[in-house]
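Hi there,

Here is the structure I promised to pass on to you. Have a look at it first, and then read on for what turned up in it.

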Amino acid sequence: MARLNKQSLIDDLLLHRAFENTPKSQVAEVVDYIFELITDRVACGDDVTIAGFGKFQKVERTKDGKPIGLFRPKLVAYKAFKDAVSAA
(Lines give C-alpha, C1' and ligand atoms only; values in the text may rest on other atoms or scores of the structure.)
Protein backbone atom coordinates (compact mmCIF):
# COMPACT_ATOMS: atom_id res chain seq x y z
CA MET A 1 0.00 0.00 0.00
CA ALA A 2 1.33 3.42 -0.95
CA ARG A 3 1.62 6.11 1.69
CA LEU A 4 0.31 9.60 1.16
CA ASN A 5 2.70 12.27 2.35
CA LYS A 6 3.01 15.94 1.49
CA GLN A 7 5.10 15.31 -1.63
CA SER A 8 2.79 12.62 -3.00
CA LEU A 9 -0.20 14.87 -2.26
CA ILE A 10 1.41 17.57 -4.39
CA ASP A 11 2.15 15.06 -7.16
CA ASP A 12 -1.45 13.78 -7.08
CA LEU A 13 -2.83 17.32 -7.26
CA LEU A 14 -0.67 18.00 -10.32
CA LEU A 15 -2.54 15.16 -12.08
CA HIS A 16 -5.90 16.85 -11.51
CA ARG A 17 -7.17 18.98 -14.40
CA ALA A 18 -7.55 22.01 -12.13
CA PHE A 19 -3.76 22.10 -11.76
CA GLU A 20 -2.71 20.81 -15.19
CA ASN A 21 -0.91 24.02 -16.19
CA THR A 22 0.23 24.99 -12.71
CA PRO A 23 3.91 24.80 -11.80
CA LYS A 24 4.75 22.28 -9.09
CA SER A 25 6.17 25.04 -6.91
CA GLN A 26 2.81 26.84 -6.87
CA VAL A 27 0.91 23.68 -5.97
CA ALA A 28 3.42 23.08 -3.16
CA GLU A 29 2.84 26.64 -1.95
CA VAL A 30 -0.94 26.05 -1.85
CA VAL A 31 -0.52 22.80 0.10
CA ASP A 32 1.86 24.49 2.56
CA TYR A 33 -0.60 27.35 3.02
CA ILE A 34 -3.54 25.00 3.69
CA PHE A 35 -1.58 23.12 6.36
CA GLU A 36 -0.35 26.40 7.87
CA LEU A 37 -3.86 27.83 7.95
CA ILE A 38 -5.30 24.73 9.64
CA THR A 39 -2.44 24.64 12.16
CA ASP A 40 -2.70 28.36 13.01
CA ARG A 41 -6.48 28.26 13.45
CA VAL A 42 -6.44 25.17 15.65
CA ALA A 43 -3.53 26.56 17.70
CA CYS A 44 -5.64 29.67 18.38
CA GLY A 45 -8.48 27.49 19.65
CA ASP A 46 -10.70 27.62 16.56
CA ASP A 47 -12.31 24.44 15.28
CA VAL A 48 -11.52 23.74 11.64
CA THR A 49 -14.34 21.84 9.95
CA ILE A 50 -13.96 20.17 6.56
CA ALA A 51 -17.31 18.87 5.32
CA GLY A 52 -17.35 15.13 4.69
CA PHE A 53 -13.98 14.68 6.37
CA GLY A 54 -13.85 15.88 9.94
CA LYS A 55 -13.15 18.56 12.48
CA PHE A 56 -9.74 19.55 13.85
CA GLN A 57 -9.83 20.80 17.43
CA LYS A 58 -7.53 21.95 20.19
CA VAL A 59 -8.29 20.00 23.36
CA GLU A 60 -6.81 20.31 26.81
CA ARG A 61 -5.10 17.25 28.22
CA THR A 62 -6.22 15.94 31.57
CA LYS A 63 -4.76 13.89 34.35
CA ASP A 64 -7.14 12.08 36.68
CA GLY A 65 -9.97 13.97 34.97
CA LYS A 66 -8.48 17.39 35.73
CA PRO A 67 -7.08 19.84 33.14
CA ILE A 68 -3.30 20.13 33.29
CA GLY A 69 -2.73 23.18 31.07
CA LEU A 70 -1.34 21.23 28.11
CA PHE A 71 -3.12 21.03 24.79
CA ARG A 72 -3.14 18.58 21.89
CA PRO A 73 -4.72 18.52 18.44
CA LYS A 74 -7.64 16.20 17.85
CA LEU A 75 -9.37 15.06 14.66
CA VAL A 76 -13.00 14.11 14.95
CA ALA A 77 -13.69 12.04 11.84
CA TYR A 78 -17.10 12.51 10.25
CA LYS A 79 -19.38 9.68 9.22
CA ALA A 80 -18.71 10.00 5.47
CA PHE A 81 -14.96 9.65 6.09
CA LYS A 82 -15.41 6.76 8.52
CA ASP A 83 -17.73 4.98 6.09
CA ALA A 84 -15.29 5.41 3.18
CA VAL A 85 -12.43 4.00 5.25
CA SER A 86 -14.54 1.10 6.49
CA ALA A 87 -15.70 0.23 2.98
CA ALA A 88 -12.19 0.14 1.50
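This is a predicted model: local features need pLDDT of at least 70, side-chain atom pairs count only at pLDDT 80 or more; totals for chains, interfaces and linings use all residues.

H1 and H2 pack with their axes 10 Å apart, at an angle of about 125°. Angles from 65 to 115 degrees count as roughly perpendicular and those over 145 as roughly antiparallel, so H1 is oblique to H2. Their crossing is right-handed.

Which residues bring the two helices together? From H1 come Lys6, Gln7, Leu9, Ile10, Asp11, Leu13 and Leu14, and they meet Lys24, Val27, Ala28, Val31, Asp32 and Phe35 in H2. Sorted by class, this contact has eight nonpolar residues, four charged ones and one polar one.

Next, find the largest pocket, which holds about 320 Å³ of space. Its lining is made up of Leu4, Leu9, Leu13, Phe19, Val30, Val31, Ile34, Phe35, Ile38, Ile50, Phe53 and Phe56. The elements that give two or more residues to this lining are helix H1 (6-15) and helix H2 (24-43). Which of them gives the most? That is H2, with five residues.

What kind of residues line the pocket, nonpolar, polar or charged? The lining has twelve nonpolar residues, with no polar and no charged ones.

Enjoy exploring it!

Best wishes

Methods. Residues are numbered from 1 along each chain as its sequence is written. Side-chain values use heavy atoms; hydrogens and water are left out. On a 1 Å grid over the protein atoms alone, a cavity is a set of points where a 1.4 Å probe fits but cannot get out, and a pocket is an open set with protein on both sides within 12 Å along at least five of seven lines; lining residues have an atom within 4 Å of a point. Grid points are joined across faces, edges and corners, and a volume is the space filled by probe spheres set on the points. Helices (H or I, at least four residues) and strands (E, at least two) are DSSP runs, numbered from the N terminus. Ala, Val, Leu, Ile, Met, Phe, Trp, Tyr, Cys and Pro count as nonpolar, Asp, Glu, Lys and Arg as charged, and the others, Gly among them, as polar. Axes are lines fitted to C-alpha atoms, for helices over the stretch in contact, and angles run from 0 to 180 degrees between N-to-C directions. Angles under 35 degrees count as roughly parallel, over 145 as roughly antiparallel, 65 to 115 as roughly perpendicular and the rest as oblique. A crossing is left-handed if the near helix is turned anticlockwise from the far one by less than a right angle, and right-handed if clockwise. Contact means heavy atoms within 4.5 Å.
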